Amino acid sequence: MAAQINSSSLPVSEFLLICFPNFQSWQHWLSLPLSLLFLLAMGANITLLITIRMEASLHEPMYYLLSLLSLLDIVLCLTVIPKVLAIFWFDSKSISFSACFLQMFIMNSFLTMESCTFMVMAFDRYVAICHPLRYPSIITGQFVVKAAIFIVARNGLLTMPIPILSSRLGYCTRIIKNCICTNMSVSRLSCDDITFNQLYQFVIGWTLLGSDLILIILSYSLILKAVLKIKVEGAIAKALGTCGSHFILILFFSTVLLVLVITNLARERIPLDVPILLNILHHLIPPALNPIVYGVRTKEIKQGIQKLIIRL
């Protein structure tokens, strides 16, 4: 039986991406807000990176972590959005076999890297607020380097099997009903059994993202407990304002991922175009909001941007 299934597979050198199968006439209209969001995300993150690079006072561990987050956002945007816009504007639906699985690897690994970076940044805020006297000795340049290596190694190595497993499958068709090469969209085209493929992604995804979210919630819970004990006037409002906006952004990031999983699992009840749109927006809205919430709301970065504009 397995031999019969495998014999029906086709040699695939490229896939065809069919964006929004039920609403293809909307693509040109949708391209305008997506383009504006893409320009906002790229412009905000590049501005933040240049500001941190040019301003000597921002050469601190906290801002290095912000730079890492911006780099991850830029790579995610560049991996997904230009191809989506090319489909909308030029009907460029084809994507090579290797490019498809490279895109899949970058999306899986960089999304989990971003989640892990949020976790490290939450720890940074926890040490700054709960142990301010020990902060300079704990959060050092060496700490940031080790954290960056951990972020890249953990998420890169553990998510690498996902595209490898998918690339080894035999495929019955090459038409992907999605704008991007997600593992679930691609593996469903296979003639082979994809149970292990889906199980691995499910376990790894929930393990990595779930553990990060638990540690983030724990960090902000301890921060909240410490902040409520502060007696200095205005200190509570300032700490809650900063950490609150960070936590809301992280919850938004995690909630959209959860909604994506649910909509993919309930495909028979939910129109196919809904998870496709959510997937695209998840690669646009957080990268656009991250530099604003984390960067522009920080007084030192505001001053750095102002100095950069004056220099120009």
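Visitor: What's the mean pLDDT of the protein chain?

Guide: The mean is 87, and 90% of the residues reach 70 or more. pLDDT is the predictor's confidence in each residue, from 0 to 100.

Visitor: Where is confidence lowest, and where is it highest?

Guide: Lowest is helix α1 (residues 2–7), at a mean of 45, and highest is helix α6 (residues 141–159), at 97. Over residues 1–5 the pLDDT is below 50, and beyond near neighbours in sequence that stretch has two contacts in the model. Contact here means heavy atoms within 4.5 Å. Where pLDDT is low, the predicted coordinates should not be read in detail. As for the names, helices (H or I, at least four residues) and strands (E, at least two) are DSSP runs, numbered from the N terminus.

Visitor: Ok, α9. What should helix α9 span at 1.5 Å a residue?

Guide: Its 33 residues (195–227) should span 48 Å, and the end C-alpha atoms are 47 Å apart, which agrees. The expected span is 1.5 Å times one less than the number of residues.

Visitor: Which residues of α9 are buried?

Guide: Among them are Asn197, Tyr200, Gln201, Ile204, Leu208, Asp212, Ile216 and Ile223. Buried means under 20% relative accessible area, exposed over 50%, and partly exposed in between (1.4 Å probe, protein chains only). An α-helix has 3.6 residues a turn, so residues three or four places apart point the same way.

Visitor: Which residues make the nonpolar surface patch?

Guide: Leu199, Phe202, Val203, Trp206 and Leu258 make it, with an area of about 480 Å². α9 gives the most, with four residues. Val203 is in helix α9 and is partly exposed, with a relative accessible area of 42%. Patches are made of residues with over 30% relative accessible area and no salt bridge, with like charges joined within 9 Å and nonpolar side chains (Val, Leu, Ile, Met, Phe, Trp, Tyr) within 5 Å. Areas come from the Shrake-Rupley method with a 1.4 Å probe, and for residues only the protein chains shown count as cover.

Visitor: Switching to charges: how many salt bridges does the structure hold?

Guide: Five. A salt bridge is a side-chain nitrogen of Lys or Arg within 4 Å of a carboxyl oxygen of Asp or Glu. One of them joins Asp212 and Arg154, with the closest N and O atoms 2.9 Å apart. That pair links distant parts of the chain, Asp212 in helix α9 and Arg154 in helix α6, 58 residues apart.

Visitor: Are Asp212 and Arg154 buried or exposed?

Guide: Both are buried.

Visitor: Which residue does Lys307 meet in a salt bridge?

Guide: Glu55, at 3.4 Å from N to O. This pair also links distant parts of the chain: Lys307 is in helix α13, Glu55 is in the loop between α2 (27–54) and α3 (61–90), and they are 252 residues apart. Lys307 is partly exposed at 41% relative accessible area, while Glu55 counts as buried at 10%.

Visitor: And what's the phi of Asp91?

Guide: Near 55°, a positive value in a residue other than glycine. Asp91 is in the loop between α3 and β2, and forms a salt bridge with Lys93, closest N and O atoms 3.6 Å apart.

Visitor: What does Asn183 touch?

Guide: Leaving out residues up to four places away in sequence, Asn183 touches Met104, Ile162, Ser166, Asn197 and Gln201. Asn183 lies in helix α8 (residues 183–187) and is buried, with a relative accessible area of 2%.

Visitor: Last one, where is Ser109?

Guide: Ser109 is in helix α4 (residues 97–130), and counts as buried at 0% relative accessibility. Not counting residues up to four places away in sequence, Ser109 touches Asn155, Gly156 and Thr159.

How values were computed: Residues numbered from 1 in each chain as written. Predicted model: local features only at pLDDT ≥ 70, side-chain atom pairs only at ≥ 80, totals over all residues. Heavy atoms only, no water.
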